Amino acid sequence: MSSTGTPEIDTAELESLRAAAAEKPLRVAVVASRWHTQVMDGLIAGSRRFLTQIGVEDITLVRAPGSFELPVLSAAAASEHDAVVALGVVIRGGTPHFDYVCQAATDGLLRVALDTGVPVGFGLLTCDDEQQALERAGLEGSREDKGFEAAHAAVSAAVEAARLSS
């Protein structure tokens, strides 16, 4: 399972992020694909769970037609937000389409973060089958919560970037 090596989010870190969000309220956009509804519902819920846990109130949900469109909508959201959480799922099929979409979305999200300076939490699941996606979706019985993890990454990077620039 890919969760091997996943860092623990301890109480002290959560308190630190909560304090940072209270000192300077964060605006966070969650940009989420529409494909694979059950998986996406879990990813969105996980990201919201983390954001509300640390006291982020300004959360904008933006729905993308698919994972390929995540970068362009994340770029648009970055102009008005302190962090972006990009969520999507691509499941391998019998054609190279999987590889093209995954590479384009990954490269595009990296470019958004680097071009805008706004952290983008990478919550794009690239799975061989639907069961792998369900295991990572943060649903009851899932082994991982990639929506929660992506929101944590985006906010942690935003708080650290703000600290470095002050």
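Me: How far apart are the end C-alpha atoms of H2, and what should its 17 residues span?
Reply: This is a predicted model. In it, the end C-alpha atoms of H2 are 24 Å apart. At 1.5 Å a residue, the 17 residues should span 24 Å, so the two values agree.

Me: Which residues of H2 are buried?
Reply: They are Val 39, Met 40, Gly 42, Leu 43, Ile 44, Gly 46, Ser 47, Phe 50 and Leu 51.

Me: And what comes just after H2?
Reply: Gly 55, which takes a positive phi of about 90 degrees.

Me: Changing topic. What is the strand order in the sheet?
Reply: The order is E2-E1-E3-E4, in an open sheet of 4 strands with parallel pairing.

Me: Which strands stand at the edges?
Reply: Strand E2 (58-64) and strand E4 (120-127) do. Each has a single partner strand, so one side of each is left without a neighbour in the sheet. On average, neighbouring strands of this sheet are turned by 15 degrees against each other, direction ignored.

Me: How many bridges join E3 to E4?
Reply: There are 8 bridges between strand E3 (residues 83-91) and E4, and the two run parallel. Looking at facing residues, Val 85 stands opposite Gly 121 in E4, and Ala 86 stands opposite Phe 122 in E4.

Me: Is E4 mostly covered or mostly open?
Reply: Mostly covered, with 6 of its 8 residues buried.

Me: Which strands does H3 lie across?
Reply: Helix H3 (residues 70-78) lies across strand E1 (27-33), E2, E3 and E4. H3 runs at about 165 degrees to E1.

Me: And H4?
Reply: Helix H4 (residues 97-116) lies across E3 and E4, at about 175 degrees to E4.

Me: Now the inside. Which residues touch the most other members in the largest nonpolar core?
Reply: Val 28, Val 39, Phe 50, Leu 51, Val 85, Leu 87 and Val 155, out of 30 residues in that core. The elements giving two or more residues to this core are helix H1 (11-23), E1, helix H2 (37-53), E3, E4, H5 and H6. Another core, of 18 residues, lies apart from it, and its members include Ala 64, Val 90, Leu 109 and Leu 124.

Me: Why would nonpolar side chains be found together like that?
Reply: In soluble globular proteins, nonpolar side chains tend to be buried together.

Me: Back to Val 85. What does it touch?
Reply: Leaving out residues up to four places away in sequence, Val 85 touches Val 28, Ala 29, Val 30, Val 31, Ser 47, Gly 121, Ala 150, Ala 151 and Ala 154.

Me: Where is Asp 145?
Reply: Asp 145 is in the loop between helix H5 (130-136) and helix H6 (146-165).

Me: Is Asp 145 buried or exposed?
Reply: Buried, because its relative accessibility is 16% and the cut-off for buried is under 20%.

Me: What does Asp 145 touch?
Reply: Not counting residues up to four places away in sequence, Asp 145 touches Gly 42, Gly 46, Arg 49, Arg 136, Ala 137 and Gly 138. The side chains of Asp 145 and Arg 49 are joined by a polar contact of 2.3 Å.

Me: What about Lys 146, buried or exposed?
Reply: Lys 146 lies in helix H6. Lys 146 is buried, with a relative accessible area of 17%. Its side chain has a polar contact of 2.9 Å with the side chain of Glu 144.

Me: Last one, Ser 79. Where does it lie, and is it buried or exposed?
Reply: Ser 79 lies in the loop between H3 and E3. At 56% relative accessibility, Ser 79 counts as exposed.

Me: What does the side chain of Ser 79 reach?
Reply: The backbone oxygen of Ala 76, at 2.9 Å.

Me: How far is Ser 79 from Asp 128?
Reply: They are 49 residues apart in sequence and 34 Å apart in space, C-alpha to C-alpha.

Terms used
Residues numbered from 1 in each chain as written. Predicted model: local features only at pLDDT ≥ 70, side-chain atom pairs only at ≥ 80, totals over all residues. Heavy atoms only, no water. Buried < 20%, exposed > 50% of the residue type's maximum accessible area, 1.4 Å probe, protein only. Contact = heavy atoms within 4.5 Å. Polar contact = N/O pair within 3.5 Å; in protein donor to acceptor, adjacent residues only side chain to side chain. Pairing = 2+ DSSP bridges. Axes fitted to C-alpha atoms, helices over the stretch in contact; angles between N-to-C directions. Core = buried A, V, L, I, M, F, W, Y, C linked by side-chain atoms within 4.5 Å. Expected span 1.5 Å × (residues − 1).
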